[in-house]
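Subject: Structure handover

Hello,

Here is the structure we spoke about. Please open it alongside these notes.

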Amino acid sequence: MGTQAKRRRLLQSGALALLGSLPPWALAADEGQAITFGFAGGLGAKLQSNISFSSRDGALQAIEEANQRGIMIGGKLTRFSLRLADDQSEPNFARITANALIAAKVAAVIGHDTTDTSVAALPIYADAGIPMITPTSTGRVITASGYDNVFQLPGHTGVTTGLLAEAAAGIIRARRIAVLENGTQLGAALAEGFIQNLKPLGIEIVTREAVAPKSSDFNAPLSRLKNSAPDLLFFTGVGPQVSAFLQNFQRLNLRCRLLVAGGAVNTEFPHAGSYPDNSYLLIHGLPPEKRPGYAEFEKSYRSRFDTAISAYTMFAYDAVGMAIEAMRRLDSANPRQLIAELHKMKYKGISGNISFTADGSQSNPPYTLYQANQQYWRPVKAYGG
C-alpha cells in the first residue's frame, strides 16, 4: 500500500495518531509517553468549502512536526496524537463528541468549527477543566460566556463588525446599506454589530432581511432589497449557501456592491469566482507575503495534504503549536495548568503574533480586506497580527 493510501486510511479512522514514519521511541510505550489532543468539527462530506478538513490538516501538520522534534515533557520523550470527533456541525452532536473526547482523556481540544457547536460544547469542557482552542469559531458569545478554558484564535464578531463598518463607511464610502442575514447565531450577531457600528456614522440602513440558514431561495428578499435601492449589500452567509446567493444576485441584476465576511470566501480564492468586480471581502488572516515562515509552511503542507490552505488552517496549526509549547514550558500536560499558561503566553505563530485577553479572545487578531478586481481578490488593507 502506498504512502497516500495509508494516509487516507488513517484519516478515515476515528482516532488518528499522526502521519508519516515515527521515531523508534514513539513506538514503544515503555520508553516514552503519549499525549492526545482532540479535534472536533464537521468531518462528514469532504467539500472544499468545509473548513473543518483544512483545519484538521493544519492540526495534523503541527502534530507531525512536534513528533519529529522529539520533545521532552516531564523528563520523558513525548509522542503527540490527534483524536478526531465528527460533530456534524450540529450542537447536539457537539455535546456528544465533547463527552467522548473527555472520556478519551485528551489534554486539549482544537475546535469546534462553528459558533453554535462551540457554545454547545464549551460548558462540558469547562466542567472537565480542559482547554478548548477554536481555530474557526468567531462568535463573540463564545469568549463572553465567562469560562476561563476557552481560547479563540480568529477575531470575534465584536472586532469583525467594527472593521466591516469601517470598510463600508471609510473605504467603500457607502451611504445606503442593505443587510441580509442567514438566520444563524453568528449571522445575527454580524448583522446587529455591523448596524450598531454604523449608527454613529449617520449611514442609512435601508432594509434588513433574513433567510433560513440552509435556504437557497433568495428571490423574495433580494427583490425587496433591490426595490430599496442600496449602494451596498452586506450578506452574512457562509459556505455553500453563498453560491446560491450569488446566482440569484446576478440573475436579478442588482447594481449595488457586495460586502461579505470570511465565511463567505469562495473556494477559488484568491480568484474571485462568481463574485462581481468591486465586491469586498473581510477575511481572517494576513496576506501570505506578510506571514514570516509561510513559504516553508506551505511547501511542507502541500507535500502532505490536498486540502486548501486558509487562515483557519494556520490557526489550527498554531493552536496545536502553542499548546505544545505551553506544555514544554510547564514541563507538564496537566490540562488545568495548561489553561493558566495559555492565558499568560505570547506566541509567534505562522498566522501572526498570538496572545489572549482575559476572556480568551485573541488580543490583536489578523484580518485582510480584499476587493474583487478583474476576477481576482486583491488586498486593500491589512489589520492586526
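Two strands count as paired if DSSP finds at least two bridges between them. Helices (H or I, at least four residues) and strands (E, at least two) are DSSP runs, numbered from the N terminus. This is a predicted model: local features need pLDDT of at least 70, side-chain atom pairs count only at pLDDT 80 or more, and totals for chains, interfaces and linings use all residues. Residues are numbered from 1 along each chain as its sequence is written, and side-chain values use heavy atoms, with hydrogens and water left out.

The sheet

Val260 stands opposite Leu281 in S12. S11 and S12 are parallel partners, paired over 3 bridges. Both belong to an open sheet of 7 strands with mixed pairing, in the order S9-S8-S10-S11-S12-S15-S16. Which strands stand at the edges? They are S9 (204-210) and S16 (377-383). Each has a single partner strand, so one side of each is left without a neighbour in the sheet. From one strand to the next, the twist averages 20°. Angles here run from 0 to 180 degrees between N-to-C directions, and axes are lines fitted to C-alpha atoms, for helices over the stretch in contact.

Two helices go with these strands. H7 packs on the sheet and touches S8 (176-181), S10 (232-235), S11, S12, S15 (367-372) and S16. Contact means heavy atoms within 4.5 Å. The direction of H7 makes about 115° with that of S16. H8 (residues 185-198) lies across S8, S9, S10 and S11. H8 runs at about 165° to S8.

Helix pairs

Two packed helices are described by the angle between their axes and the distance between the axes. Take H3 (residues 51-69) and H11 (residues 294-304) to begin with: the angle is about 105° and the axes are 11 Å apart. That makes H3 roughly perpendicular to H11. The cut-offs are under 35 degrees for roughly parallel, over 145 for roughly antiparallel, 65 to 115 for roughly perpendicular, and oblique for the rest. H3 brings Ser54, Asp57, Gly58, Gln61, Glu64, Glu65 and Gln68 to the contact, and H11 brings Phe297, Ser300, Tyr301 and Arg304. By class, the contact of H3 with H11 has 2 nonpolar, 5 polar and 4 charged residues. Ala, Val, Leu, Ile, Met, Phe, Trp, Tyr, Cys and Pro count as nonpolar, Asp, Glu, Lys and Arg as charged, and the others, Gly among them, as polar.

H12 (residues 311-330) and H13 (residues 335-344) also pack at an angle of about 105°, with axes 9 Å apart. They are therefore roughly perpendicular to each other. Met322, Ala323, Ala326, Met327, Arg329 and Leu330 of H12 meet Gln337, Leu338, Glu341 and Leu342 of H13. The contact of H12 with H13 divides into 7 nonpolar, 1 polar and 2 charged residues.

The core

In soluble globular proteins, nonpolar side chains tend to be buried together. A nonpolar core here is a set of buried Ala, Val, Leu, Ile, Met, Phe, Trp, Tyr and Cys residues joined through side-chain atoms within 4.5 Å. Buried means under 20% relative accessible area, exposed over 50%, and partly exposed in between (1.4 Å probe, protein chains only). The largest nonpolar core has 47 residues, of which Phe37 and Phe80 touch the most other members. S2 (33-41), H3, S4, S5, H11, H12 and H13 each give two or more residues to this core. H12 gives the most, with 13 residues.

Ala85 is in S4 (residues 76-86). Ala85 is buried, at 9% relative accessible area. Beyond four places in sequence, Ala85 touches Phe39, Ala40, Gly41, Leu43, Thr97 and Leu101.

His156 sits in the loop between S7 (150-152) and H7 (157-171). His156 is buried too, at 12%. Its contacts beyond four places in sequence are Thr138, Gly139, Arg140, Thr143, Ser361 and Tyr367.

Backbone points to check

Most residues other than glycine have a negative phi, and most peptide bonds are trans. Gln88, not a glycine, has a positive phi of about 55°. Gln88 is partly exposed, at 44% relative accessible area. Asn253, not a glycine either, has a positive phi of about 60°. Asn253 is partly exposed at 38%.

A cis peptide bond joins Gly111 and His112, with omega about -5°. Another cis peptide bond joins Phe269 and Pro270, with omega about 15°.

Best wishes
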